[in-house]
Amino acid sequence: MPRRSPSAEMLTDLVLTLFRVNNATLVWGDRLVRPFGLTSARWQIMGAIAYADRPQPVAWLARDLGANRQNVQRIVNELAQEGLLRFENNPHHKRAQLVLLTTAGRRAYDDAIQAWDPAADDLATGLSLDDLATAVRVLGVLRSRLAASNAGEDEADA
């Protein structure tokens, strides 16, 4: 096997660590939000809705999350059936309805955030704000590069 460059070695270690952190985060998040009738996936989608500047259709939510549209649609439909989300007509597109939190959905989301804040502080113990900012910056650059690369693939497949 050919020798990897130092940057390829380090990036491999980073990606493997990201996979492990992602899996551990999902388990931890599921446990954190279970009392509110949520899972990490549901909470993530509700967060995308809560933080959006304006109501968005499922396809936009999926794009913003970097997630599969069909998976987001399935979860949105489940949350709507449970009364945590509702749909609203989209004046710009007849079939792509806008997704909004209901009052019950906002309450469940806010309750989860109340649990998140102290848990996040505990998780960040020993990490400086500079360390966290560096991690956010590096992961943001990698996400942008991967998204650009994936967009190029999507266009080539069309």
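Predicted model: local features only at pLDDT ≥ 70, side-chain atom pairs only at ≥ 80, totals over all residues.
**Figure 1. Length of helix α4.** Helix α4 comprises 13 residues, 69-81. From its first C-alpha to its last, the helix reaches 18 Å, close to the 18 Å expected at 1.5 Å a residue.

**Figure 2. Crossing of helices α2 and α5.** The axes of α2 (residues 40-51) and α5 (residues 103-123) come within 10 Å and cross at roughly 105°. Because this angle falls in the range of 65 to 115 degrees, α2 is roughly perpendicular to α5.

**Figure 3. Residues in the contact of α2 with α5.** Helix α2 contributes W43, M46, G47, A50 and Y51. These meet G105, R106, A108, Y109, A112, I113 and W116 of α5. By class, the contact residues divide into 9 nonpolar, 2 polar and 1 charged.

**Figure 4. The chain in which these views are set.** The secondary structure amounts to 6 helices and 3 strands, arranged from the N terminus in the order α-α-β-α-α-β-β-α-α. Along the principal axes, the C-alpha atoms fill a box of roughly 55 × 45 × 25 Å. Of the 158 residues, 23% count as buried. Among contacts between residues at least 6 apart in sequence, 50% join residues at least 24 apart.

Notes: Residues numbered from 1 in each chain as written. Heavy atoms only, no water. Axes fitted to C-alpha atoms, helices over the stretch in contact; angles between N-to-C directions. Helix = DSSP H or I, 4+ residues; strand = E, 2+ residues; numbered from the N terminus. Parallel < 35°, antiparallel > 145°, perpendicular 65-115°, else oblique. Contact = heavy atoms within 4.5 Å. Nonpolar A, V, L, I, M, F, W, Y, C, P; charged D, E, K, R; others polar. Expected span 1.5 Å × (residues − 1). Buried < 20%, exposed > 50% of the residue type's maximum accessible area, 1.4 Å probe, protein only.
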